[in-house]
Amino acid sequence: MGKKRYYAKVTGRVQGVGYRYRTTMIAKEKDVTGWVRNCEDGSVELEAQGEEGALEQFFEEIQKSNWFIRVKHCEKREIKIEQQEKGFRERY
């Protein structure tokens with residue numbers, strides 16, 4: 001295993017329901033770095049970086065729906081690692 005980084009686009013009911021906050025909390029819990037932000041089309045995009053096992057757990061968790069959040073689809077692709085990145089944050 002090793003470090004990887006992914007770009008992902010998440011669709012469904014993911015804006016105005018605490019999705020970015022929840023994603024940030026999960027990232028911190030799993031020791032994943034990166035960022036998350038809303039898109040104008042109603043989707044959410046993010047970049048996540050960490051150990052492969054932690055990333056698998058992270059993506060599994062952020063795709064779970066709850067009373068407010070309804071994730072329809074999460075499309076991700078591997079991208080280049082950011083060497084100096086620290087933490088996970090919400091972007092605007």
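**Figure 1. Contact of helix H1 with helix H2 in a predicted model.** Tyr19, Arg22, Thr23, Ile26, Ala27 and Lys30 of H1 meet Ala54, Gln57, Phe58, Glu61 and Ile62 of H2. Contact means heavy atoms within 4.5 Å. Six of the residues in this contact are nonpolar, two are polar and three are charged. Here Ala, Val, Leu, Ile, Met, Phe, Trp, Tyr, Cys and Pro count as nonpolar; Asp, Glu, Lys and Arg count as charged; the others, Gly among them, count as polar. This is a predicted model, in which local features need pLDDT of at least 70 and side-chain atom pairs count only at pLDDT 80 or more, while totals for chains, interfaces and linings use all residues. Residues are numbered from 1 along each chain as its sequence is written, and side-chain values use heavy atoms, with hydrogens and water left out.

**Figure 2. Crossing of H1 and H2.** H1 spans residues 19-30 and H2 spans residues 52-62. Their axes come within 10 Å and cross at roughly 155 degrees. Axes are lines fitted to C-alpha atoms, for helices over the stretch in contact, and angles run from 0 to 180 degrees between N-to-C directions. The two helices are therefore roughly antiparallel. On this scale, angles under 35 degrees count as roughly parallel, over 145 as roughly antiparallel, 65 to 115 as roughly perpendicular and the rest as oblique. The crossing is right-handed. That term applies if the near helix is turned clockwise from the far one by less than a right angle; anticlockwise is left-handed.

**Figure 3. Isoleucine 62 in helix H2.** Isoleucine 62 has 0% relative accessibility, so the residue counts as buried. Buried means under 20% relative accessible area, exposed over 50%, and partly exposed in between (1.4 Å probe, protein chains only). Beyond its neighbours within four places in sequence, isoleucine 62 is in contact with Tyr19, Thr23, Ile26, Leu46 and Val71. Tyr19, Thr23 and Ile26 are among the H1 residues that meet H2. Lysine 3 lies 59 residues away along the chain, with 19 Å between the two C-alpha atoms.

**Figure 4. Alanine 8 in strand S1.** S1 covers residues 3-13. Alanine 8 is buried, because its relative accessibility is 0%. Its contacts, leaving aside neighbours within four places in sequence, are Val44, Glu45, Leu46, Phe59, Cys74, Glu75 and Lys76. Glutamate 47 is 39 residues away in sequence, yet C-alpha to C-alpha the distance to alanine 8 is 6.3 Å.

**Figure 5. Lysine 9, also in strand S1.** With 28% relative accessibility, lysine 9 counts as partly exposed. Outside four places in sequence, lysine 9 is in contact with Cys39, Asp41, Ser43, Val44, Glu45, His73, Cys74 and Glu75. Cysteine 74 is 65 residues from lysine 9 in sequence and 5.7 Å from lysine 9 in space, C-alpha to C-alpha.

**Figure 6. Cysteine 39 in the loop between strands S2 and S3.** S2 runs over 33-38 and S3 over 44-51. Relative accessibility is 13%, so cysteine 39 counts as buried. Apart from neighbours within four places in sequence, cysteine 39 touches Lys9, Gln15, Val44 and Glu45. The C-alpha atoms of cysteine 39 and lysine 9 are 9.2 Å apart, at a sequence separation of 30 residues.

**Figure 7. Aspartate 31 in the loop between H1 and S2.** Phi of aspartate 31 is near 60 degrees. That is a positive value in a residue other than glycine. At 64% relative accessibility, aspartate 31 counts as exposed.

Figure 8. Two helices and five strands make up the elements of the chain. Helices (H or I, at least four residues) and strands (E, at least two) are DSSP runs, numbered from the N terminus. The C-alpha atoms fill a box of roughly 35 × 25 × 20 Å along the principal axes. The radius of gyration is 12 Å, which agrees with the value near 12 Å for a compact globule of 92 residues. That radius is taken over C-alpha atoms, and the globule rule is 2.2 Å times the number of residues to the power 0.38. Of the 92 residues, 40% count as buried. Among contacts with a separation of 6 or more, 78% join residues 24 or more positions apart.
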